[in-house]
Amino acid sequence: MKPWLSLVVLTFWLAGCDRLPSSSTPSSSTAPENRVTNANVMVQTPAVAAVSRPPAPAESNAEQYQQALALENDGKLAEARALLQPLSDGGEVTDKVLDLLGAIDTKILFTAASAPEKTDYTIAAGDSLGKLAQKFGTTIDLIKKSNNLTRDVIRVGDRLRIYQGRFAVTVSKATNELRLTDNGKFFKRYHVGTGQYSKTPVGDFKITTRLANPPWWRADGKTIPFGDPENILGTHWLGLNVPGYGIHGTWDTNSIGKQATAGCIRLLNDDVAELYTILPVGSPVGIHD
């Protein structure tokens, strides 16, 4: 009988909208000891040396997340932000990282914590909160909140710490997510409701009006005042340069994260109040499918 040799091959493998008054890492496998024998022959495949690999993105994120969390607990907000910010530009950043970064960013923004974006300003004669907001491209609300001011009165010689940001908004209709950026960098994300049947317009817009406690104009022209149960605009309105469309609050929490509005962008009231504080008139808003 002639000798024979068998070979085994292994493979691995709101019309309009809500109206307002016009105005896996691939698996690596070590080759097994494949033996092909007859009476007198044995061939053994050499073992493949283990190859080291860098940590998977999720592992790396987890380590930096814990480090940033410790820094935040120690009050080192700018250092915590600097640790997480590079991760937000990657493709596999985790939700926990983005949420922590957003929380740190708003702590820096809404408190007197030091940061490179902040300017210490001494109030001079003739200054007012309105003039300072215009000068620094921000809102009166943000200056007051970040400096713990309860009144609009400021006095010559007092010092304020003012955040100079360039905020912009991007809304994804596919994911029902609003992302706030500052100078092109991730700042915070919010869950939103968008238009049913894709009614929310797509394009590049800007904020043209800001209203707290907004009234609502029904389709029939009747004005529904703020506080009326029929008023669907929530606590704040940020109108866009598209008649009848804007970013507003809601008490209907079930509509968040869904395409469920008449075309506007809805947020929880606490979230829209936060955006209202941050975004001045003229802030860019990009909406895409």
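This is a predicted model: local features need pLDDT of at least 70, side-chain atom pairs count only at pLDDT 80 or more; totals for chains, interfaces and linings use all residues.

User: Which residue does Asp 99 meet in a salt bridge?
Analyst: Arg 189, at 3.3 Å from N to O. Asp 99 sits in helix α3 (residues 95-110) and Arg 189 in strand β7 (residues 185-191), so the pair ties together parts that are 90 residues apart in sequence. Helices (H or I, at least four residues) and strands (E, at least two) are DSSP runs, numbered from the N terminus.

User: Are those two buried or exposed?
Analyst: Asp 99 is partly exposed, at 45% relative accessibility. Arg 189 is buried, at 15%. The cut-offs: buried is under 20% relative accessible area, exposed is over 50%, and partly exposed is in between (1.4 Å probe, protein chains only).

User: What about Glu 177?
Analyst: The side chain of Glu 177 meets that of Arg 179 in a salt bridge of 2.6 Å, N to O. Glu 177 is buried, with a relative accessible area of 13%. Arg 179 is partly exposed, at 29%.

User: And Glu 230, where does it pair up?
Analyst: Glu 230 forms a salt bridge with Arg 218 (2.8 Å, N to O). Glu 230 is in the loop between β11 (223-224) and β12 (236-240), while Arg 218 is in the loop between β10 (216-217) and β11, 12 residues apart. Glu 230 is partly exposed, at 33% relative accessibility.

User: New topic. How many residues are in the largest nonpolar core?
Analyst: That core has 44 residues, and Leu 180 and Leu 279 have the most contacts inside it. Helix α3 gives the most to this core, with eight residues. A nonpolar core is a set of buried Ala, Val, Leu, Ile, Met, Phe, Trp, Tyr and Cys residues joined through side-chain atoms within 4.5 Å. In soluble globular proteins, nonpolar side chains tend to be buried together.

User: What does Leu 279 touch?
Analyst: Leaving out residues up to four places away in sequence, its contacts include Phe 167, Val 169, Leu 180 and Ile 207. Contact means heavy atoms within 4.5 Å.

User: What's in the second core?
Analyst: It is separate and has 10 residues, including Ile 123, Leu 132, Ala 133 and Ile 154.

User: What is phi like at Asn 176?
Analyst: Phi is near 50°, a positive value in a residue other than glycine. Asn 176 lies in the loop between β5 (167-172) and β6 (177-182). Asn 176 is buried, at 6% relative accessibility.

User: And Asn 213?
Analyst: Asn 213 has a positive phi of about 50°, although it is not a glycine. Asn 213 is in the loop between β9 and β10. Asn 213 is partly exposed, at 45% relative accessibility.

Technical notes:
Residues are numbered from 1 along each chain as its sequence is written. Side-chain values use heavy atoms; hydrogens and water are left out. A salt bridge is a side-chain nitrogen of Lys or Arg within 4 Å of a carboxyl oxygen of Asp or Glu.
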